Amino acid sequence: MQPASLLVITCGAIAREVMAVAKSSGWKHLKVTQIPAELHNRPDQIPAAVEERLAAYAGDYDHVFAAFGDCGTGGQLDKVLDRYNIQRLSGSHCYEFYSGSENFAAMAEQEIGSFYLTDYLAKHFEQLIMEGMGLNKHPKLIELMFAHYTKLVYLVQEPDRQLDHFAEAAAEKLGLKYERVETGYGQMAEELSAHYSNYTEQVIKWQN
């Protein structure tokens with residue numbers, strides 16, 4: 001009997017962290033495939049990109065899980081996943097499932113005008129934000145787009161990577177106060193572990 005297999009479709013902005021959780025947990029028969037992180041700037045394209053990946057791997061894996069939040073799709077991603085009976089991470093975005101839903105809600109309530117970065121977004125801030133949103137070419141847009149923000153909050157997944165200087169530079173470019181919060185992998189790791197455990201339990205039942 002061939003071992004059962006699990007496919008995780010994830011956003012490129014959290015793929016490194018998903019694979020780190022899988023490796024440290026010793027998960028087997030797992031494949032992680034990622035959707036380009038650049039779609040953060042075009043969330044309306046995320047549902048179609050995920051469905052395209054689902055079609056490409058149709059029938060190749062026993063189980064599929066989506067390591068995504070809603071990611072700004074306004075519920076459209078959930079409609080795609082529901083058609084395929086596939087679960088995803090809970091929450092609206094990676095900021096929420098890294099820090100935990102309750103913690104994120106408390107942070108957001110404490111200071112509404114906060115702009116968040118993760119490890120990935122801090123490292124790729126120039127590419128995704130400054131270039132991707134046209135802020136380098138049109139610097140006046142910074143004042144328009146960030147007029148209601150007061151603080152940049154860097155949510156740190158891996159302190160050992162020492163990416164603080166990227167986040168600090170981002171805060172300076174946007175003219176925002178800077179705050180650093182260590183989250184680790186947070187709720188994301190917990191939900192991935194729970195899903196993998198449920199999946200392996202089902203496999204054992206089938207094999208018996």
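## What is in the chain

How many helices and strands are there in the chain? There are ten helices and six strands, where helices (H or I, at least four residues) and strands (E, at least two) are DSSP runs numbered from the N terminus. Keep in mind that this is a predicted model, where local features need pLDDT of at least 70, side-chain atom pairs count only at pLDDT 80 or more, and totals for chains, interfaces and linings use all residues. Residues are numbered from 1 along each chain as its sequence is written, and side-chain values use heavy atoms, with hydrogens and water left out.

## The three-stranded sheet

Three of the strands form an open sheet in the order β4-β5-β6, with parallel pairing; strands count as paired if DSSP finds at least two bridges between them. β4 (114–117) and β6 (177–182) sit at the edges with a single partner strand each, so one side of each has no neighbour in the sheet.

Now for β5, residues 151–156: this strand pairs with β6 in the parallel sense over six bridges. Across from L152 you'll find Y178 in β6.

## The chain as a whole

The chain has 208 residues and a radius of gyration (taken over C-alpha atoms) of 18 Å. Along its principal axes, the C-alpha trace spans about 60 × 30 × 30 Å.

As for what's hidden, 46% of the 208 residues count as buried, meaning under 20% relative accessible area with a 1.4 Å probe, protein chains only.

Note on methods:
The radius of gyration is taken over C-alpha atoms; the globule rule is 2.2 Å times the number of residues to the power 0.38. Buried means under 20% relative accessible area, exposed over 50%, partly exposed in between (1.4 Å probe, protein chains only).
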